[in-house]
Amino acid sequence: MAYWLMKSEPSTWSWQDQLAKGEAGEPWDGVRNHQAKNYMQEMKKGDLAFFYHSQKDREIVGIVEIIEEAMPDPTAAPDSPWECVTIAARETLDAPVTLAQIKDTPDLAEMVLVKNSRLSVQPVTSDQWALICKMGQAGA
DNA sequence: GCCAACGTTGGC
DNA sequence: GCCAACGTTGGC
């Protein structure tokens with residue numbers, strides 16, 4: 001069981017958009033970065049990921065589950081290497097965890113989100129996961 | 001194969 | 001809106 005963090009600009013694809021998809025989920029397509037693609041290939045069905053709003057909000061707003069493992073990205077050219085996973089919303093954080101909070105928390109200083117802010121799909125350690133769930137008052 | 005130039009992302 | 005960081009492109 002692994003943990004991840006996936007970023008989206010709310011103006012492009014927001015948590016509300018994701019919630020609206022319900023159990024059917026939504027392919028996380030359009031990723032055009034090899035590091036991000038490699039992480040998606042490592043994802044297993046049942047893995048969990050934080051859903052992060054970049055740009056204006058800059059906060060973790062919810063938790064999604066990987067419901068389909070990596071497959072060719074339907075929005076990419078047929079012979080391209082790009083892939084996507086499918087995710088479904090699992091839980092909305094009662095208290096969104098902001099980037100500022102994360103930066104103020106010494107135990108979260110090593111997060112990829114802090115170290116490499118531009119990577120849109122990133123791994124999260126189980127310790128980081130547990131702490132952020134606590135900060136966000138996640139029920140699960 | 002190296003590296004400068006350029007475009008894009010995302011925090012501030 | 002600005003700018004730093006990073007990835008990609010293209011000339012040599």
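**Reading the fold**

Analyst: Start by listing the elements. Chain A has five helices and six strands. Keep in mind that this is a predicted model.

User: Which pattern does chain A follow along the sequence?

Analyst: Read it from the start of the chain. The order is β-α-β-α-β-β-β-α-α-β-α.

User: How do I read the overall size? What radius of gyration does chain A have?

Analyst: Compare the value with the one for a compact globule. For 140 residues, that would be near 14 Å; chain A has 14 Å, so the two agree. Then look at the box. Along the principal axes, the C-alpha atoms of chain A fill roughly 45 × 30 × 30 Å.

User: Which strands pair with strand 5?

Analyst: Look for bridges between strands. Strand 4 (residues 59-72) is joined to strand 5 by 10 bridges, and the two run antiparallel. One partner pair is Pro-72 with Glu-83 of strand 5. Strand 2 (residues 26-27) also runs antiparallel to strand 5 (residues 83-98), with two bridges between them. There, Pro-27 has Thr-86 as its bridge partner in strand 5.

User: Now the inside. How many residues does the largest nonpolar core have?

Analyst: First the general idea. In soluble globular proteins, nonpolar side chains tend to be buried together. Here the largest nonpolar core has 38 residues. Trp-4, Ala-49, Phe-50 and Phe-51 have the most contacts inside it. At least two core residues come from each of these: strand 1 (3-8), helix 2 (34-42), strand 3 (48-53), strand 4, strand 5, strand 6 (121-124) and helix 5 (126-135). In chain A as a whole, 36% of the 140 residues count as buried.

User: Last, the DNA. Which residues are around DNA strand B?

Analyst: List the neighbours, then sort them by class. Around DNA strand B are Lys-7, Glu-9, Ser-54, Gln-55, Arg-58, Leu-99, Ser-117, Arg-118 and Ser-120. By class, that is one nonpolar, four polar and four charged.

How values were computed:
Residues are numbered from 1 along each chain as its sequence is written. Chains are lettered from A and ligands numbered from 1 in the order in which they are written. This is a predicted model: local features need pLDDT of at least 70, side-chain atom pairs count only at pLDDT 80 or more; totals for chains, interfaces and linings use all residues. Two strands pair if DSSP finds at least two bridges between them. Helices (H or I, at least four residues) and strands (E, at least two) are DSSP runs, numbered from the N terminus. A nonpolar core is a set of buried Ala, Val, Leu, Ile, Met, Phe, Trp, Tyr and Cys residues joined through C-beta atoms within 7 Å. A residue is buried if 20 or more other C-beta atoms lie within 10 Å of its own, exposed if 12 or fewer, and partly exposed in between; C-beta atoms are placed from the backbone. The radius of gyration is taken over C-alpha atoms; the globule rule is 2.2 Å times the number of residues to the power 0.38. A residue is near a molecule or strand if its C-beta atom, placed from the backbone, lies within 6 Å of it. Ala, Val, Leu, Ile, Met, Phe, Trp, Tyr, Cys and Pro count as nonpolar, Asp, Glu, Lys and Arg as charged, and the others, Gly among them, as polar.
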